[in-house]
Amino acid sequence: MHGFIDCHCHISAGDFDKDIEEVIENSKKAGLLALLAVAEHVGEFEKIIALSQRFPGFIFPCLGVHPVQEVSPEHQRSASLEDLGAALPVIEKYKDHLVAIGEVGLDFTPRYVSNETDKESQRQVLIRQAQIAKELDLPLNVHSRSAGRPTIHLLKEQGVEKALLHAFDGKPSVAMEGVKAGYFFSIPPSIIRSEQQKLVKQLPLENICLETDSPALGPEKQVRNEPQNISIAAEYISKIKGVSLEKVVEVTTQNALRLFSKLKLAIKP
């Protein structure tokens, strides 16, 4: 199967409201087979489902509660079990349509986390979502900022077997613990300007997937990223690994299909 799978993007972001048709068309022209649309909060669940119905067999929904919730553009806070409580009925409603639970995880960035209570709140939300993923036999689509080791340790403690760690910012040695547990790591186009280059050097290609995290993590800072930029990540990985671009595309796509097994039934090569 020739083509890319964007394993983590925010196609429901307001940045795409005006030209979503064009963005999807450009994605397909760039060789994308599928986009996994992740959620951050319950307020966007219905929009993601609607997009997956508008672009069937191309946009695939992942619903979950992100570890950081926005109160206002200036104020963010750690996710709580109340946030998850509001999300659960919608996850239950659409469970048969989901390809993963996400975006979930831990974010211990100091400006979001002021004390141990905040961290514990995030942990409880992640633990519950890990349980839901197991109950539904779905993988987790995982965020871990300034919390690489705690995230991988918690996933392992919870017996999570299927996980994608997106835009991982932890040490390569910590990532290798995730590799031993069978987890995958997705690499965005921002690799061309990030510390993740060291990570890619050490990660086996068999544990790498591709993502864009659109509209964030593009090749240029402060410029809207799009799924069509996924080839930039693949090209850079091929350079670091010293293997052909074709090999990177083939292996990362097979990795994505192995992890997100529901995609196999839905993607038309």
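I number residues from 1 along each chain as its sequence is written. The model is predicted, with local features needing pLDDT of at least 70 and side-chain atom pairs counting only at pLDDT 80 or more, while totals for chains, interfaces and linings use all residues, and side-chain values use heavy atoms, with hydrogens and water left out.

**Annotation.** I found that an unreviewed UniProt entry lists His8, His10, Glu103 and Asp213 as "binding site", and I note that such annotations may be inferred rather than shown by experiment. Although these residues spread over 206 residues of sequence, they cluster in space, with a largest C-alpha distance of 10.8 Å.

**His10.** I located histidine 10 in the loop between β1 (4-9) and α1 (20-29), where helices (H or I, at least four residues) and strands (E, at least two) are DSSP runs numbered from the N terminus. Histidine 10 counts as buried because its relative accessibility is 9%, buried meaning under 20% relative accessible area with a 1.4 Å probe and protein chains only.

**Glu103.** I placed glutamate 103 in strand β6 (residues 100-107), and with a relative accessible area of 2% it is buried. Leaving aside neighbours within four places in sequence, glutamate 103 is in contact (heavy atoms within 4.5 Å) with residues including His8, His10, Asn141, His143 and His166. I also noted a polar contact of 3.0 Å between the side chains of glutamate 103 and histidine 143; the term requires a pair of N or O atoms within 3.5 Å, and within protein one must be able to donate a hydrogen and the other to accept it, with residues adjacent in sequence counting only if both atoms are side-chain atoms.

Conventions. Buried means under 20% relative accessible area, exposed over 50%, partly exposed in between (1.4 Å probe, protein chains only).
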